[in-house]
Amino acid sequence: MEIQELIIVETFCETHQVEMSWIQDLEEFGLIEITIQDNTKYISENQLYKIEKILRLQNDLNINNEGIEVVLSLLEKIESLDQEVRYLKNRLDLYE
């Protein structure tokens, strides 16, 4: 079983100067996942990078949730294709 670091949502909001409702909106829209334990909401460590990316997209580029969903999907596809290209290059190197 993998142990994950959890960050209290309130702490994240205070540190990043965002409203709790913003995090709730992201969760309701399906962009992030919130973990609830003992009536306390947490962000898992692996969600932290994604939330910070969303924050930058909204603050710097003024992109709405629908646009962020598209951007994140495209970035995941690019990463997947990049991994596939690296794998195929490594395979090709074996035959050279």
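Gln-58 is a residue of helix H3, which spans residues 45-61. In this predicted model, Gln-58 has a relative accessible area of 18%, and because buried means under 20%, Gln-58 counts as buried. Leaving out residues up to four places away in sequence, Gln-58 touches Trp-22, Ile-63, Asn-65 and Ile-68. Two of these names lead on to other parts of the chain: Trp-22 is among the residues of helix H2 that meet helix H1, and helix H4 covers residues 65-95.

H3 lies across strands S1 and S3 and runs at about 80° to S3. The sheet itself is open and has three strands in the order S1-S3-S2, with antiparallel pairing. Its edge strands are S1 (6-8) and S2 (35-37), each of which pairs on one side only. From one strand to the next, the twist averages 45°.

The pairing can be followed strand by strand. Strands of a sheet pair through backbone hydrogen bonds, either parallel or antiparallel. S1 pairs with S3 in the antiparallel sense over three bridges; within this sheet, Ile-7 has Ile-43 of S3 as its bridge partner. S2 pairs with strand S3, residues 40-44, again in the antiparallel sense and over three bridges. Here the bridge partner of Thr-35 is Tyr-42 in S3.

Lys-41 sits in strand S3. Apart from neighbours within four places in sequence, Lys-41 is in contact with Ile-7, Ile-8, Val-9, Gln-24, Ile-34, Thr-35 and Ile-36. One of these contacts, Val-9, is 32 residues from Lys-41 in sequence, yet the two C-alpha atoms are 5.7 Å apart in space.

The hairpin of S2 and S3 has two residues between the strands. Asp-38 lies in the loop between S2 and S3, and its phi is positive, about 50°, although Asp-38 is not a glycine. Most residues other than glycine have a negative phi, and most peptide bonds are trans. Asp-38 has a relative accessible area of 77%, and it counts as exposed because exposed means over 50%.

Asn-62 is in the loop between H3 and H4, and its phi is near 55°, a positive value in a residue other than glycine. Asn-62 is exposed as well, at 69% relative accessibility.

In soluble globular proteins, nonpolar side chains tend to be buried together. In this model the largest nonpolar core has 17 residues, and those with the most contacts inside it are Trp-22, Ile-23, Ile-32 and Ile-54. Helices H1 (9-16), H2 (20-29), H3 and H4 (65-95) each supply at least two residues of this core. H3 gives the largest share, four residues.

Ile-23 shows how parts of the chain meet. Not counting residues up to four places away in sequence, Ile-23 touches Val-9, Phe-12, Cys-13, Ile-32, Ile-34, Ile-43 and Ile-51. Among these, Val-9, Phe-12 and Cys-13 belong to the side of H1 that contacts H2, Ile-43 is the bridge partner of Ile-7, and Ile-32 is another residue with the most contacts inside the core.

Two packed helices are described by the angle between their axes and the distance between the axes. H1 and H2 pack at an angle of about 115°, with their axes 9 Å apart, and H1 passes H2 in a right-handed crossing. The contact is made by Val-9, Glu-10, Phe-12 and Cys-13 of H1 together with Met-20, Trp-22 and Ile-23 of H2. These residues divide into six nonpolar, no polar and one charged.

Technical notes. Residues are numbered from 1 along each chain as its sequence is written. This is a predicted model: local features need pLDDT of at least 70, side-chain atom pairs count only at pLDDT 80 or more; totals for chains, interfaces and linings use all residues. Side-chain values use heavy atoms; hydrogens and water are left out. Buried means under 20% relative accessible area, exposed over 50%, partly exposed in between (1.4 Å probe, protein chains only). Contact means heavy atoms within 4.5 Å. Two strands pair if DSSP finds at least two bridges between them. Axes are lines fitted to C-alpha atoms, for helices over the stretch in contact, and angles run from 0 to 180 degrees between N-to-C directions. A nonpolar core is a set of buried Ala, Val, Leu, Ile, Met, Phe, Trp, Tyr and Cys residues joined through side-chain atoms within 4.5 Å. A crossing is left-handed if the near helix is turned anticlockwise from the far one by less than a right angle, and right-handed if clockwise. Ala, Val, Leu, Ile, Met, Phe, Trp, Tyr, Cys and Pro count as nonpolar, Asp, Glu, Lys and Arg as charged, and the others, Gly among them, as polar.
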